Amino acid sequence: MFNLSRINQFWRLPVGHDYWRQNQQGSPLLSVEDSISLRVLVLALVITGIVATDIAGETQFSLWAIPVSFMGAIWSYRSRRDRNTSVKFCIAIGMLIALGAFFGRLIGELNDTRLGLAELLIQLQILHSFDTPRRKDLGYSIVIGLILLGVAATLSQTLAFAPVLLLFLAIALPTLVLDYRSRLGLEKLNFKRQKVKEKKLSSLLPFYVLLFAVIVAIGLAIFAVMPRLPGYQLRTFPVSSNINVKGEFTGRSIINPGYVRQGNNQGEGGSGTANGQGANGEPGTVDNNFYYGFNSQMNQNLRGAMKPKVVMRVRSQAAGFWRVLAFDQYTGKGWKISRNDDVTTLRRSPWNAQINLSTPIISTKSQEIVQTYTVVADLPNLIPALSYPKEIYFPTPMIAVDQENGLRAPVQLSEGFTYTVVSEVPYRDRTALGKALTKYPQSIKQYYLQIPPEIADKVRKRTEEILANYNRERVAKSSKTLDSPYEKALYLAQYLKQNYFTPENPLDLPYLSDKEDLVEAFLFKHKGGYPDHYSTVLTVMLRSIGIPARLVAGFSPGEFNPFTGMYVVKNTDAYAMTEVYFPKYGWFAFDPIPNHPLIPPSIEDVETFGVLRQFWQWVASWVPSPIRGWVDYLVSTILREIFRAIAWFFALFSQGWLGVLTGLILSTTTAFFCWLGWEQWREWLNRRWLKKLSPMESLYQQMLQWTAKKGLGKHPAQTPLEYARVAYQHHSSANAEIIDEICQAYVSWRYGGYSPNTQQLKEKWRKFQAASNTK
């Protein structure tokens, strides 16, 4: 039988009935946060994070998340002293449902999970907001707000994120102050003392404003000097949601909204016309919004200009020419893709957005460059990318590749369209390209040496005359002549820049008549033309002397925004330039357009210190050119050597066990010397600081530093005399007497105006240290 007395005795223990009743009313050990101010500020931080995500990701989480967050905050405050067991169960169930929904969405968003993760985090925070009784729970909400702000920072493509960031910082400062006061228990005051506290906090408002300004200034300074190193270390890239393509995709049609299609509304075959004008060289006007060259035919007998507007934003590891398409056949008044119907259709796996592209084998060093394009305004179904793309992460099931290595999509690139390209961009080695062979394959000569017979001899003679004049001057000066296709292409591009004019008015140059040729009119009649005409002339001139060339159209890098790290590209950044073929090395571009760089930006031009570079360019405009050139050379040399040394060091770890061992030895040795240098620097600063002090103050500080090294330092709350009394408990009587004497002299000097015999005290202290060191 059971012993009822033992049961009753157990029931009286703390784990029995009394304990159960006590916990029904809430554990006395539970530290409840009563500060309404702290709760309001934490809620404001979370709301700011949600709004930042909406602004950066162009979502609408705020419409439902903010009202529910208010409800959760009110509920949590009113029930902060209750057990809320049923609420906790509901929160747990809700979190599991949110997690399941997230995994369901994840299948369609494998290439960019940032928005999905942000939505999951917002849902978890809302559920969490219904049960935040303690300060620690509010701390979790602060962290979630900070994470949401970080997600918004990675999604942001404009400066619209900057005001939200400043607002978050302005709210975070008083939040951290109140959180720290709560940790110290300063909030648990009576009503009268609470009034005094609020008055003191309001008087600190100027200090908060000053602190906010200092933090922003320091943050901007750090941001300016921080290297912008290449990103994309993870192989998951931003891509729009999957787009289903209806019907058969052949890849032969180019859909340019600036062209009126003939025959069918899909523009099959690319027979479109600009503004109702013919595409075969008839006079016409340029479309206001769309570049006329993004079509299977390029009519350069058009006049006018586009109205500037942003069309896309590009996040890239390096600047470059965002190549769209190339032309191989010159028509006399423009260009044509002669093999427009000869395209290859590539399909991607149903499980991811990656499409692999075949790249030609080239005998030069290359670098992998990742670019992510976000379309802001409607564009044709032509896919901009850096040269030699090898992977593309695209939301459609297939794309097409033409014979000029241009990429085509089955749908028009509309606003909000996002995709990522991985290109293997070759380095431009002038020495190697200058030694390239001139024996071209038949497939190259067949398409890239074509010139209308009517102008071939005339253009060739003019080109040879320009080169011969240069060579005669170089021979007279005993200098090197132009003896390679690369050097000839460079010189001809520079010659066109310097010796022909560009009309200021886009309508000044007359239209070409039916029998006129653009190149002939440019060289011999008008002595100039519009920007794209320069590239056409250079391409035809190179062909006339047997150098394969083609016309390539695309976008310049655009304006780099150092705050977002993105290149902002406008429709007016679209233009055409010349690509020249070099056997075994591939195609390289030359830009003959005035006010453009002769060599387009590429992987050699990295925005590692983008903000500093822009600041220096502004300062350099006020500095004399010799000084500017010397500073540019010095800084570029230093940075080049630093990055070369870093690259060499990391390359050691890929050279087997010997390389790894060498790298570890170098890193350990470097760390040791850095530590040694840092210690010497601190010692030098300390000696310099002690010399600036008065003799008595200096001696007192030396004594404190020595005792601190011995592990018996002075506590900040102790007075000198209290420390002197404590010294007798930890030091020998002789040592304690010296410490006591110095402390007594210091107090008399500092507070009593007494001038002690510092020389005698210093002598005693030296003997004391010498005796201690010999023991």
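First, a term. Helices (H or I, at least four residues) and strands (E, at least two) are DSSP runs, numbered from the N terminus. Next, the ground rules. This is a predicted model, where local features need pLDDT of at least 70, side-chain atom pairs count only at pLDDT 80 or more, and totals for chains, interfaces and linings use all residues. Residues are numbered from 1 along each chain as its sequence is written, and side-chain values use heavy atoms, with hydrogens and water left out.

Let's start with empty space. Rolling a probe the size of a water molecule over the atoms shows where empty space is left. Here a cavity is a set of points, on a 1 Å grid over the protein atoms alone, where a 1.4 Å probe fits but cannot get out. Lining residues have an atom within 4 Å of a point. Grid points are joined across faces, edges and corners, and a volume is the space filled by probe spheres set on the points.

How many cavities of 30 Å³ or more does the search find? Five, over the whole structure. The largest cavity holds about 120 Å³ of space. Which helix gives the most to its lining? That is α3, with four residues. Helices α3 (36-57), α4 (62-78) and α7 (135-155) each supply at least two lining residues. Among the residues lining the largest cavity are R39, V42, S69, Q125 and L138. By class, the lining has five nonpolar, five polar and one charged residues. For that count, Ala, Val, Leu, Ile, Met, Phe, Trp, Tyr, Cys and Pro are nonpolar, Asp, Glu, Lys and Arg are charged, and the others, Gly among them, are polar.

Stay on α3 for a moment. D54 is found in this helix. Is D54 buried or exposed? Buried, with a relative accessible area of 10%. The cut-offs: buried means under 20% relative accessible area, exposed over 50%, partly exposed in between, with a 1.4 Å probe and protein chains only. Leaving aside neighbours within four places in sequence, D54 is in contact (heavy atoms within 4.5 Å) with T59, Q60, F61 and S62.

For contrast, look at E504. E504 lies in the loop between α14 (485-499) and α15 (518-525). E504 counts as exposed, at 83% relative accessibility. Y530 is 26 residues apart from E504 along the chain, and their C-alpha atoms are separated by 9.2 Å.

Now the sheets. Strands of a sheet pair through backbone hydrogen bonds, either parallel or antiparallel. Here, two strands pair if DSSP finds at least two bridges between them.

β21 (574-582) and β22 pair antiparallel over five bridges. E579 stands opposite A589 in β22.

Another open sheet of four strands runs β10-β15-β16-β13, with antiparallel pairing. Why is one side of β10 (344-347) and of β13 (382-383) left without a neighbour in the sheet? Because these strands stand at the edges, each with a single partner strand. Two bridges join β13 to β16 (407-408), antiparallel. I383 stands opposite L407 in β16.

Last, two enclosed strands. In β6 (310-316), five of the seven residues are buried, so this strand is largely enclosed by the rest of the structure. β6 pairs antiparallel with β20 (566-570) over four bridges, and V310 has K570 as its bridge partner there. β6 also pairs antiparallel with β12 (366-375), over five bridges. In β12, the bridge partner of V314 is Y373.

β14 (389-393) has four of its five residues buried, so β14 is largely enclosed too. Three bridges join β14 to β11 (354-356), antiparallel, with N356 opposite E391. Four bridges join β14 to β17 (418-426), also antiparallel. There, Y393 stands opposite T420.

How values were computed
1 Å grid on protein atoms, 1.4 Å probe; cavity = no way out; pocket = protein on both sides within 12 Å on 5 of 7 lines; lining within 4 Å.
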